[in-house]
Amino acid sequence: SFKVDDKIYPLNDRSVDVTENKSLMPMQIRNLEVSNNKITFLRFDIPSTITDSHKINLKLVVDGDSTLDGGISIQEYGQTGWGESTNSKNIGIIDHTLGATLATLTPQADGTIVWDNGTAQSMDNGTILSIDLTDKITSYGEEYSIAIRALGTTDKVKFFSKEKQLT
């Protein structure tokens, strides 16, 4: 989930195998996978009522066992209006070029993970990973997309999707 003072959930969230270029069918998928070829994309509508005084946190809930040797990266994704409809904006066929890195999660020898801001957390099933994106998101009243990708070829992490809440 994406949270400001009054929780905002993604308009769309979907994992995509970026080595395939095929239109994805709309479906409710209970988890989002981040691995070697799979990138998770999240699209939000940031209300114009949000101001510089709001704290903006991205919260991800780990869903199952994870393998994390290289880490994961949260990056800007410049595409807007994407979705799972069978049109030219389908997330399976549009450009998957990523933008600037917003945050990085790095595994430690003791089994914890550390955000680049120094916050350590575990990767146990059900753990809520929270990263402060307040200083990264500075435009309000418009759509904003991010991507989560694996940094190592053997990394694999699953997160709850917004559809998990619906079920």
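Reply: A salt bridge is a side-chain nitrogen of Lys or Arg within 4 Å of a carboxyl oxygen of Asp or Glu. The model is predicted, so local features need pLDDT of at least 70 and side-chain atom pairs count only at pLDDT 80 or more, while totals for chains, interfaces and linings use all residues. Residues are numbered from 1 along each chain as its sequence is written, and side-chain values use heavy atoms, with hydrogens and water left out.

Me: How do you know that Asp-155 has no salt bridge?

Reply: The nearest side chain of opposite charge, Arg-149, is 8.6 Å away, whereas the definition requires a nitrogen within 4 Å of a carboxyl oxygen. In this scheme Lys and Arg count as positive and Asp and Glu as negative; His and the chain ends are not counted.

Me: What does the side chain of Asp-155 reach?

Reply: The side chain of Asp-155 comes to 2.5 Å from the backbone nitrogen of Asp-69, and a polar atom of that side chain lies 2.9 Å from the backbone nitrogen of Gly-152. A polar contact is a pair of N or O atoms within 3.5 Å; within protein, one must be able to donate a hydrogen and the other to accept it, and residues adjacent in sequence count only if both atoms are side-chain atoms. Asp-155 itself is found in the loop between β11 and β12 (156–160); strands (E, at least two residues) and helices (H or I, at least four) are DSSP runs, numbered from the N terminus.

Me: Why is Ala-150 called buried?

Reply: Ala-150 has a relative accessible area of 9%, so the residue is buried. Ala-150 lies in strand β11 (residues 142–150). Contact means heavy atoms within 4.5 Å; not counting residues up to four places away in sequence, Ala-150 touches Val-34, Ser-35, Asn-36, Gly-71, Ile-72 and Asp-155.

Me: What makes Glu-84 and Arg-14 a salt bridge?

Reply: Their closest N and O atoms are 2.6 Å apart, and the definition asks for 4 Å or less between such atoms. This pair links distant parts of the chain, with Glu-84 in the loop between β6 (72–76) and β7 (101–107) and Arg-14 in strand β2 (residues 12–17), 70 residues apart. Both Glu-84 and Arg-14 are buried.

Me: How do you know that Arg-43 forms a salt bridge with Glu-143?

Reply: The closest N and O atoms of Arg-43 and Glu-143 are 2.8 Å apart. Arg-43 sits in strand β4 (residues 38–46) and Glu-143 in strand β11, 100 residues apart. Arg-43 is buried because its relative accessible area is 12%, whereas Glu-143, at 23%, is partly exposed. By the salt-bridge rule the count comes to 5.

Me: Why is Lys-38 called partly exposed?

Reply: Lys-38 has 29% relative accessibility and therefore counts as partly exposed. Lys-38 forms a salt bridge with Glu-33, with closest N and O atoms 3.8 Å apart. Glu-33, at 14%, is buried.

Me: What makes β2 and β9 (120–121) edge strands?

Reply: In the open sheet, 7 strands follow the order β2-β4-β11-β6-β7-β8-β9, with antiparallel pairing. Each of β2 and β9 has a single partner strand, so one side of each is left without a neighbour in the sheet. Two strands pair if DSSP finds at least two bridges between them; β6 and β7 are joined by 4 bridges.

Notes. Buried < 20%, exposed > 50% of the residue type's maximum accessible area, 1.4 Å probe, protein only.
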